[in-house]
Amino acid sequence: MHERLEALSRAIAAGVAEADTEEAFPAAGFAELAAHGVVGDPPIGPGETGSLLRLLAAVGRGDLSTGRIFEGHVNAMILVDQHGAASQRSEWLAEARSGRLFGVWNTDMPDAPLRLEAGVLSGGKNFASGVDGLSRAIVTVPDEAGRLMLMAPLEGLPVDRSWWKPLGMRASGSHLVDFTGILPAPDWFLGAPGVYVAEPWFGGGAIRFAAVHVGGMHAVFDVALEHLVRTGRADDPYQAHRIARMGIAVETGYAWLDRAAEAWDEAVLAGGEGPAAARLTATANATRSAIEAAAMTVLEEAERAVGAGGFIAPHRLERLVRDLRTYLRQPNPDGALRAAGVAIAKGEWQPGLAGPDKGRPA
């Protein structure tokens with residue numbers, strides 16, 4: 001499996017390098033994902049979480065913008081698989097197998113949040129990642145009974161691209177999309193009200209974007225190591241220290257993904273309830289916090305190792321640093337870390353234990 005994932009990472013990275021502009025939808029990356037058969041059939045079944053996280057990391061290692069959009073596509077497929085009616089699952093999963101892409105957009109426009117009144121939508125979504133390459137997106141709308149999910153077709157919707165001028169992740173194309181005046185069809189509504197934000201799955205889902213982060217820091221490490229070896233500086237004792245610290249940080253990221261996958265699968269077996277659910281939430285918060293810290297270590301060591309030349313295009317490090325530093329800024333990191341600490345204090349999560357009945361003397 002590792003060889004296939006490394007080949008996928010290399011293929012995506014090569015496609016990105018050949019793209020005309022980093023501001024366009026990463027079509028080359030998704031062509032590789034389709035060729036590898038994972039657009040329509042990602043590993044989202046029971047017991048496949050570890051394989052999914054490793055896949056997401058491999059995509060992020062190839063290109064973070066591709067990884068960000070693909071993580072949204074995977075999230076949409078999970079939501080359809082878990083909450084869709086039989087007809088919805090049949091139609092939408094068949095679309096995915098034909099190569100069509102989905103997204104999940106939850107962030108509202110600050111001045112015009114998405115609303116459903118008298119059966120008509122008004123307002124729109126911000127941070128609508130990948131809109132230029134998606135066919136549908138799950139959008140969320142508040143309702144008295146709980147937040148609703150609508151699987152909305154995107155063709156012909158007004159898109160405002162003028163605001164998207166980020167430091168990095170430019171190809172993720174997180175634009176503004178206006179749904180005003182749209183009358184959603186009955187079969188757009190996905191699942192029961194409130195299931196989108198149901199725990200532990202909503203907070204636990206952070207392990208998926210954390211997996212893409214791990215791939216991004218692995219790519220930074222790859223480029224820094226290649227640079228040092230190519231320039232004959234890898235044997236310098238100070239550079240060897242940097243290589244070691246980066247390698248340890250990358251390995252730490254993968255170890256956290258494996259632990260997070262285990263926690264997710266345990267929570268599934270427990271029906272999303274009880275101690276296993278609490279452990280998943282705490283593990284997800286700890287995972288994203290630990291991976292952010294590890295990624296920052298890799299970034300700082302790589303920047304020092306390569307030096308100023310790495311900040312000048314077309315050196316690959318220049319884009320990788322911008323993309324990873326931007327993508328690491330996920331919502332509410334302080335709250336996630338605080339929640340992990342509270343869970344430890346309550347005894348809901350204990351460092352050093354691999355699971356509810358593992359690693360303990362009989």
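**Figure 1. Contact between helices α9 and α10.** A295, M296, L299, E300, A302, E303 and V306 of α9 meet L317, V321, L324 and R325 of α10, where contact means heavy atoms within 4.5 Å. By class, this contact has 8 nonpolar, no polar and 3 charged residues. Ala, Val, Leu, Ile, Met, Phe, Trp, Tyr, Cys and Pro count as nonpolar, Asp, Glu, Lys and Arg as charged, and the others, Gly among them, as polar. The model is predicted: local features need pLDDT of at least 70 and side-chain atom pairs count only at pLDDT 80 or more, while totals for chains, interfaces and linings use all residues. Residues are numbered from 1 along each chain as its sequence is written, and side-chain values use heavy atoms, with hydrogens and water left out.

**Figure 2. Axis geometry of α9 and α10.** Two packed helices are described by the angle between their axes and the distance between the axes. For helix α9 (residues 274-306) and helix α10 (residues 316-327), the axes come within 11 Å and cross at roughly 155°. That makes α9 roughly antiparallel to α10. The crossing of α9 and α10 is left-handed. Axes are lines fitted to C-alpha atoms, for helices over the stretch in contact, and angles run from 0 to 180 degrees between N-to-C directions. Angles under 35 degrees count as roughly parallel, over 145 as roughly antiparallel, 65 to 115 as roughly perpendicular and the rest as oblique. A crossing is left-handed if the near helix is turned anticlockwise from the far one by less than a right angle, and right-handed if clockwise. Helices (H or I, at least four residues) and strands (E, at least two) are DSSP runs, numbered from the N terminus.

**Figure 3. Packing of helix α1 on helix α3.** The axes of α1 (residues 2-18) and α3 (residues 49-62) cross at roughly 30° and come within 7 Å. α1 and α3 are therefore roughly parallel to each other. Their crossing is right-handed. On the α1 side, the residues in contact are H2, L5, E6, L8, S9, I12, A13 and V16; on the α3 side they are R54, L55, A58, V59, R61 and G62. The contact of α1 with α3 has 8 nonpolar, 3 polar and 3 charged residues.

Figure 4. α3 is mostly covered, with 12 of its 14 residues buried; buried means under 20% relative accessible area, exposed over 50%, and partly exposed in between (1.4 Å probe, protein chains only). Among the buried residues of α3 are T49, L52, L53, R54 and L55. The elements that cover them include α1, α2 (27-35), α4, α7 (206-230) and α8 (237-269). From its first C-alpha to its last, α3 reaches 20 Å, close to the 20 Å expected at 1.5 Å a residue, the expected span being 1.5 Å times one less than the number of residues. Helix α4 (residues 64-83) should span 28 Å with its 20 residues, and its end C-alpha atoms are 28 Å apart, which agrees. In α4, 17 of the 20 residues are buried, so this helix is largely enclosed by the rest of the structure.

Figure 5. A336 lies in helix α11 (residues 333-346) and counts as buried at 4% relative accessibility. Leaving aside neighbours within four places in sequence, A336 is in contact with N285, R288 and S289. A278 is placed in helix α9 and is partly exposed, with a relative accessible area of 21%. Between the C-alpha atoms of A278 and E226, 52 residues apart along the chain, the separation is 41 Å. A85 belongs to the loop between α4 and α5 (86-97) and is partly exposed at 39% relative accessibility.

Figure 6. The peptide bond from E199 to P200 is cis, with omega near 10°, and P200 is found in the loop between β8 (175-178) and α6 (201-204). A cis peptide bond also joins A313 and P314, with omega about 15°; P314 is found in the loop between α9 and α10. F127, not a glycine, has a positive phi of about 50°. F127 is placed in strand β4 (residues 124-128) and is partly exposed, with a relative accessible area of 36%. N332 has a positive phi near 55°. This residue is found in the loop between α10 and α11 and is exposed, with a relative accessible area of 52%.
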